[in-house]
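Please keep the sequence and the model in view while reading.

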Amino acid sequence: MLNFPLMIISNLWRGLPKLAIFFLFTFSFALIQACGGGGSGGIDGGAGSDGGSSAPETGEVIIGLTDAEGDFLTYTVSVESIVLTHRNGTEVETVPLATEVDFAQYTELTEFFTAATIPAGVYASVSMTLDYTNANIMVEDASGAGVNTVAVDADGVPIDQLVVDVHLVDSDNFRIARGVPAHVTLDFDLAASHDIDLAATEVTVDPVFIADTLLEDPKEHRVRGLLDVVVPDENAFGVNVRPFHRDTGDFGTIRVFVLEETSYEINEASYVGGEGLLALAELVNHEPVIAQGSFNRDAGRFEAAFVVAGTSVPWSDRDFARGNIIARSGDTLTLLGATVGRRDLRPSFRDTITVIVGPDTLVKKQGAADEALDKDDISVGQRVVVMGEYTVTDPAGMVLDASSGRVQMRYTNLSGEVVSALPLVIDLQTIDRRRVSLFDFSGTGSSEDANPTLYEVDTLSLDAARFNENAPIKVRGFVNRFGEAPPDFTARSVAIVADVLAKMKISWLEGGTTAPFLTSSAEGLVINLANSELGQFHHVIRLGVKTDLLDAGIDPTYAPRSPDSGLFVIAQRGAVQVFNNFPLFEAELADELDGVTSMKVITGKGQFDDASATLTTNRIMAIINEPLSTDP
């Protein structure tokens with residue numbers, strides 16, 4: 001694993017000279033199984049560089065996009081280009097076609113964007129162009145409803161196109177080598193990047209992109225595209241990448257590995273393990289395929305847990321929608337937070353649409369190949385992908401008729417607090433990040449309907465003894481059949497406080513504060529909660545549940561997990577410094593907070609101890625108001 005100890009990042013808004021907005025990138029490198037032998041050099045001094053060869057060596061860079069959670073229901077902008085610049089000045093474009101990306105849909109998922117073959121060597125900068133001309137940005141108001149907004153700069157001027165130049169000071173760490181692809185995940189931190197004004201229906205953009213080099217909070221990965229060669233003997237297949245619903249363009253090929261427990265849905269038939277891979281091999285090349293799983297750091301490869309192919313892929317041959325059921329009346333379902341697509345149009349976002357199911361609707365469940373299902377398995381809360389035909393497209397609403405179509409039940413995520421452990425009952429707060437007050441549970445129960453404040457979860461064989469009363473909890477699984485609750489939900493996995501990373505965020509009033517800390521040393525940063533300039537954020541967030549630090553009665557601490565390993569950031573408009581060493585970070589931050597410069601926000605992610613109010617972390621970002629010093 002290679003990290004950048006220092007990066008200085010500058011940027012440029014086309015046509016917006018008054019605005020300086022920064023992007024922060026750090027890059028994590030991991031081996032991904034690839035064809036070809038080892039070696040390095042190329043442009044940077046090996047074969048094909050100054051050595052005189054006319055055919056420089058090449059390597060591969062694989063770029064994924066994800067998002068840190070914010071208050072956005074949809075945040076769609078166009079990624080126009082991502083250009084890598086070699087330190088000898090050679091520029092390489094890695095995005096073949098401008099691509100619309102809805103970053104708000106990737107808070108728990110990383111999507112592979114492109115796999116580009118580029119000249120080997122050392123690269124000194126990255127340039128990204130984003131186009132906001134046709135942006136679709138919707139935020140959640142206090143009631144949970146969606147509000148359309150306009151993206152503006154600090155002067156209130158609507159944003160057009162943004163070009164960001166990222167200069168890598170220690171560029172020796174960004175080396176492209178033959179046979180050793182670089183895996184780059186760009187994380188758009190929506191929460192840190194925007195100020196939301198619902199009254200003016202505007203969001204002021206000050207964007208921050210971060211890539212987690214430590215991968216201690218791994219997300220699921222997904223690759224979408226067209227099927228390439230299937231190699232059963234190697235338990236692998238290739239995908240010609242078509243990211244974010246693109247149907248054209250050469251975005252490269254990624255190799256996907258499968259396991260014995262990998263589940264498949266291929267042309268509406270379900271399989272598990274080797275049987276599924278053989279069924280995949282029977283498809284004609286270039287049929288649509290989606291693989292979702294995780295990146296195995298130790299093996300250096302992407303491993304799929306779930307594969308969908310052929311006519312089971314939503315965009316293969318029918319109209320589709322993806323979201324959560326918030327209400328059901330007979331065979332009429334209301335879908336919330338819907339990504340909707342038509343065979344002849346690009347996907348778009350609608351906060352709600354209507355879905356019709358019937359006796360002939362084919363129902364499948366993720367990871368349950370042999371389970372016989374029907375339309376009544378679809379109940380309130382369930383996350384689904386629906387395929388059918390749109391019959392109404394007027395501005396008042398959309399109706400997707402799936403009475404002769406298909407419904408795929410996908411894993412659904414609950415967050416709340418434990419009421420009791422045996423059986424597991426939770427006070428439900430959100431379903432797939434949407435507040436539970438939006439859901440109508442009428443008709444869900446056999447004798448009484450599901451009660452979100454006493455939501456009963458069947459934990460199967462999971463260890464319920466670990467579930468502590470009032471503790472935040474996250475449950476993943478499926479909603480019980482409509483009309484048959486309780487139990488209301490069947491868990492496939494349960495995460496509790498001890499198992500997850502916490503996010504601790506402290507903010508101050510608009511002008512910030514020059515004295516955010518009680519003490520600051522190489523051992524940690526102790527926040528002064530008695531500061532009169534304390535802002536609205538003074539919380540720890542675990543599993544989607546907020547805990548107010550003021551209630552603890554203890555001033556919280558950001559403590560480094562390791563003094564010389566981590567991602568410690570000081571950022572403000574126009575300049576960013578990234579440290580891998582906490583004592584150096586702390587010393588620089590102390591120098592910057594000189595009585596004039598003020599702190600706006602500090603965030604960190606790590607393990608939180610309630611008794612001491614201490615976040616032990618290797619990732620901290622401090623945002624300050626005034627320019628950083630330009631001294632060497």
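Among contacts in the protein chain between residues at least 6 apart in sequence, what percentage join residues at least 24 apart? The share is 70%. The model in view is a predicted one.

The secondary structure of the protein chain consists of three helices and 42 strands. The chain has 632 residues, and 56% of them are buried.

**Confidence of the prediction**

For the protein chain, the mean pLDDT is 81, and 82% of the residues reach 70 or more. Confidence is highest in strand β35, residues 524–527, at 97. It is lowest in strand β1, residues 8–13, where the mean is 35. Over residues 1–54, pLDDT stays under 50, and the model has 175 contacts beyond four places in sequence for this stretch.

**Nonpolar cores**

The largest nonpolar core contains 65 residues. Which of its residues touch the most other members? They are Val-61, Tyr-75, Ile-82, Tyr-132, Val-223, Phe-237 and Leu-280. Strand β7, residues 121–140, contributes seven residues, the largest share of this core. The surroundings of Phe-237 can be followed in the model: leaving aside residues up to four places away in sequence, Phe-237 touches Leu-227, Val-229, Val-230, Ile-254, Arg-255, Val-256, Val-258, Leu-277, Leu-280, Val-289, Ala-291 and Val-307. Another core, of 27 residues, lies apart from the largest one, and its members include Phe-585, Met-599, Ala-613 and Ile-624.

**Strand pairing around β32**

Strand β32 pairs with β30, residues 455–458, in the parallel sense over two bridges. In this pairing, Val-457 stands opposite Phe-489 of β32. Strand β32 also pairs with β31, here in the antiparallel sense and over seven bridges. Val-475 has Val-494 in β32 as its bridge partner. The loop between β31 (472–479) and β32 (489–496) holds Pro-487, a residue that returns in the next section.

**Backbone geometry in loops**

Most residues other than glycine have a negative phi, and most peptide bonds are trans.

| Site | Feature | Angle |
|---|---|---|
| Leu-422 to Pro-423 | cis peptide bond | omega about -5° |
| Pro-486 to Pro-487 | cis peptide bond | omega near -5° |
| Asn-267 | positive phi | phi about 50° |
| Asp-432 | positive phi | phi near 45° |

Pro-423 belongs to the loop between β27 (412–420) and β28 (424–431). Asp-432 lies in the loop between β28 and β29 (434–435). Asn-267 is placed in the loop between β17 (253–266) and β18 (269–272).

Is Asp-432 buried or exposed? Asp-432 counts as buried because its relative accessibility is 14%, and the cut-off for buried residues is under 20%. Asn-267, by contrast, has a relative accessibility of 36% and therefore counts as partly exposed; this class lies between the limits of 20% and 50%.

How values were computed: Residues are numbered from 1 along each chain as its sequence is written. This is a predicted model: local features need pLDDT of at least 70, side-chain atom pairs count only at pLDDT 80 or more; totals for chains, interfaces and linings use all residues. Side-chain values use heavy atoms; hydrogens and water are left out. Helices (H or I, at least four residues) and strands (E, at least two) are DSSP runs, numbered from the N terminus. Buried means under 20% relative accessible area, exposed over 50%, partly exposed in between (1.4 Å probe, protein chains only). Contact means heavy atoms within 4.5 Å. Two strands pair if DSSP finds at least two bridges between them. pLDDT is the predictor's confidence in each residue, from 0 to 100. A nonpolar core is a set of buried Ala, Val, Leu, Ile, Met, Phe, Trp, Tyr and Cys residues joined through side-chain atoms within 4.5 Å.
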